[in-house]
Amino acid sequence: MTTTVAPSSTAAAGTPSRRPRGAKLVKMLPLSPAIGLMLVFLAGPIIYCVYAAFTNMALTGPGAANVKFVGLDNFRKAFSSGAFTNSIWLTLVFTLISAIIGQNTLGLGLALLMRKSTKVVRNFVGTAVIGAWVLPEIVAAYLLSAFFNDDGTLNVMLHAVGLPGQDWLYGAPIIAVSLANIWRGTAFSMLVYSAALSEIPKEIEESAEMDGAGGWRRLLFVTLPMITRAVMTNLMLITLQTLSVFGLIYAMTRGGPGTKSQTLPLYMYEQAFSFSQIGYGTAIALVMLAIGAVFSLIYLRGLNSEAA
Amino acid sequence: MVTRKRFIAAAAAGALLLGVSACSQGSTTKQPDAGSSQSSGPAHIKIAYQQWGPGVVMKNFLTGVKTEYEAAHPGSQVEIVPVVASENDYYTKIQLMMRSPNTAPDIVYEDTFLINSDITAGYLKPLDDYIGKWDQWDQFEDTAKGAARGQDGKTYGVPDGTDTRALWYNKEIFKKAGLPADWQPKTWDDVLSAARTIKQKVPGVIPFNMYSGKPMGEASAMQGFEMLLYGTKDTLYNYDQKKWVVGSQGFKDSLNFVKTVFSEGLAPSPKDALSPNMGSKVGTELLPQQKLAIDLDGSWIYGNWLKSGAKPWPQWSTVLGQTAMPTQDGSGKGKVSLSGGWTWAIPAKSKNPDAAWDFIKTLQTQKNAAKYATDGAQIAVRKDVASDAAYKSSSASTQFFTDLVSVTVYRPALPEYPKVSNEIITAMESVMTGQSQPDAAAKNYDQAVEGIVGGKDSTTTKSTGQ
């Protein structure tokens, strides 16, 4: 909201412009429906979620009839539970492998390569990568579980070249869902980096080349420093997206076998909706929010130090 | 170039959002002018029940009763709402429906294991006033009447059948393996050694199935785990001390049995066993296709193979035998069975409870109750149905499973039970996938149960008395 000195509002209110407070209120008036909607549909659920996290709210049993305030019980229960620690750990592994390493580097690599390739290759690769992103989550998950299945495409390909396959969804579920998420999410990073790279003036790279810098040196000392802001923004966005991935994992493994791919969103869903513990489930949601906030802070610091 | 990709991306995001909003529109329950109708006179009633996979027995039965009811109550409308979902999802869905008067059905099909929890939650309406004026209630067995009684002593549901559990075995596979056609295992080891023989001599056949792990929900806890646990010297709940049992040897032994069957390859691969469709797969594929030798399952599964069932298989009565599940070492009564069953209940937020009760009465006339007991492969809870000659001869296994009622055990009918049951299936799944050893899984269970029932004061290590 830019507060420009707008004389028009005084006429509408019919009061002298010396009363800035009233004028401000009048100016806010057209915004009020939007603010009201935001409060009801955005702030409302969040406040309700915070409230629920401190209660024994449930879908059945005593917690459904009389919702009681239980203080920090839900959090105490979470942090003393092996299943919860397991899912925090898996969430971090999943985020690290699939977002920070996978989508990020692959996206950057694709963007760099596409800059140098011919138009035909560019169009083809772009369509293929974005195709994965455009697919609805559940369709992508279905395709990928067929791909990683015991007698799925991946194993057929591995066997064809004489490599041993394995039952990915059962033997290495967290790797399988991480690879799936890379496949699905790389397009986003690629788009962000393509945009950032296109804004680097050609002259800078050319002069670096004239000075005798090879490909890797140019990338490390010229290109990357110039797109640090894009890197940080991209990392922040994909980290937050990946932390909350649910549908993909649920459709591929349901968090199993056992709890071997049960990241926080799946643990939360199981506790809240399979086991009916809404209060406990929302407490886990709050912990997830906190983890997201920590990541954001780190990236934001990166952004700010760059800007300074 | 980039701008065009951005445009594609934005379009895709828009399409996704549209999809989401379309979904959410689809999921809001439509309730055509239900609010306008009063409880007396013509009414629109909604009836919600769980539909298992391809099974349509309940749907056909309800459609028949709906026609009968609508003819007797001109102007009334009965809407049948099948909830197609796996075990836990079904409970979650009906609980969410019952929370609001806008979505609450007028009649709901409640599993007896959950009903105490839902009664405590205030979701259901006590039926005592209706039952008091109903001349048919005396026809119900006393144990069945107690199945839907809350801790306040009021009755919240009308049972439509019960069940028992035992071992089904394929006599033809047994013959190939050189095992007796009249199989009478006396201990867990007898069951395991038969399974091992089959694994060795009849390749390509799954020797033994027990439900296990989270996707099968309560079926894993009851048909699988508790059929073992109640054959040890231990139980889940000590009725004398009114405390939940933790740290029992029987619990660990039962988990060890789970570990044995899955790690030795006597059961379906853990991956298949953890499919949410395992229940209908056993009934409609593995058993009829003779790919499974021994199945620890419920009395009702032959319902799949009736003419009205999902997979008609008339030969089942000669191919399959039934034998009781033995206790761990043959002690005690020597055999184990557990009983549950389902009830028809009226949600507290129903808008037409009187009409709903009328419909339940129609469901439970002697004629309709006998029809459902036969088609739904139930063990009758009405005395006049149980003594009905047509019912008694309705299937080759009816007599066997009815006799098991003399040894059967009921689950602790307490509001905490569903939560405890969730911890049981979590422990099973971690053992069957090899993620935990039985001792560690049992320890996790103990901790979780202490958390559920309110600390160490509410648990005990002694199982004496049932």
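**Figure 1. The interface between chain A and chain B in the predicted model**. Contacts link 29 residues of chain A with 32 residues of chain B. On the side of chain A that touches chain B, four helices each supply at least two residues: H4 (62-65), H7 (119-134), H11 and H16 (264-274). By class, this side of chain A holds 14 nonpolar, eleven polar and four charged residues. The model as a whole has an ipTM of 0.74 and a pTM of 0.79.

**Figure 2. Helices H7 and H11 of chain A**. Both helices also supply residues to the side of chain A that touches chain B. H7(A) passes H11(A) in a left-handed crossing. From H7(A), the contact takes in Val129(A), Ile130(A), Ala132(A) and Trp133(A). Facing them in H11(A) are Trp183(A), Arg184(A), Thr186(A), Ala187(A), Phe188(A) and Met190(A). The contact of H7(A) with H11(A) counts eight nonpolar residues, one polar and one charged.

**Figure 3. Helices H6 and H11 of chain A**. H6 spans residues 82-116 of chain A, and H11 spans residues 173-198. The two axes come within 6 Å and cross at roughly 40°. H6(A) is therefore oblique to H11(A). The crossing of H6(A) past H11(A) is right-handed. In this contact there are 16 nonpolar, eleven polar and one charged residues.

**Figure 4. Helices H9 and H10 of chain B**. H9 covers residues 218-229 of chain B, while H10 covers residues 249-263. They pack at an angle of about 130°, and their axes lie 8 Å apart. H9(B) and H10(B) are therefore oblique to each other. H9(B) passes H10(B) in a right-handed crossing. Phe225(B), Leu228(B) and Leu229(B) form the H9(B) side of the contact. The H10(B) side is made by Gly250(B), Phe251(B), Ser254(B) and Phe257(B). Five of the residues in this contact are nonpolar and two are polar, with no charged residues.

**Figure 5. The five-stranded sheet of chain B**. The sheet is open, and its strands follow the order E2-E1-E3-E13-E4. Pairing is mixed. Strand E2 (77-84) and strand E4 (157-162) of chain B stand at the edges. Each has a single partner strand, so one side of each is left without a neighbour in the sheet. Direction ignored, neighbouring strands are turned by 25° against each other on average. Inside the order, strand E1 (residues 44-51) and strand E3 (residues 107-111) of chain B run parallel and are joined by two bridges. Ala48(B) has Val108(B) in E3(B) as its bridge partner.

**Figure 6. The four-stranded sheet of chain B and helix H12**. This open sheet has the strand order E6-E9-E5-E10, again with mixed pairing. Its edges are strand E6 (206-209) and strand E10 (320-323) of chain B. Each edge strand has a single partner, so one side of each is left without a neighbour in the sheet. The twist from one strand to the next averages 20°. E6(B) runs parallel to strand E9 (residues 292-298) of chain B, with three bridges between them. At one of these positions, Asn209(B) has Asp295(B) of E9(B) as its bridge partner. Helix H12 (residues 278-286) of chain B packs on the sheet and touches E6 and E9 of chain B. The direction of H12 makes about 130° with that of E9(B).

**Figure 7. Prediction confidence in chain A and chain B**. Chain A has a mean pLDDT of 86, with 93% of its residues at 70 or more. Over residues 1-17 of chain A, however, the pLDDT is below 50. Beyond near neighbours in sequence, that stretch of chain A has twelve contacts in the model. Chain B averages a pLDDT of 86, and 90% of its residues score at least 70. Residues 1-39 of chain B stay under 50. For residues 1-39 of chain B, the model has 28 contacts beyond four places in sequence.

Methods:
Residues numbered from 1 in each chain as written. Chains lettered and ligands numbered in written order. Predicted model: local features only at pLDDT ≥ 70, side-chain atom pairs only at ≥ 80, totals over all residues. Axes fitted to C-alpha atoms, helices over the stretch in contact; angles between N-to-C directions. Parallel < 35°, antiparallel > 145°, perpendicular 65-115°, else oblique. Left-handed = near helix turned anticlockwise from the far one by under 90°. Nonpolar A, V, L, I, M, F, W, Y, C, P; charged D, E, K, R; others polar. pLDDT = per-residue confidence, 0-100. Contact = placed C-beta atoms within 7 Å. Pairing = 2+ DSSP bridges.
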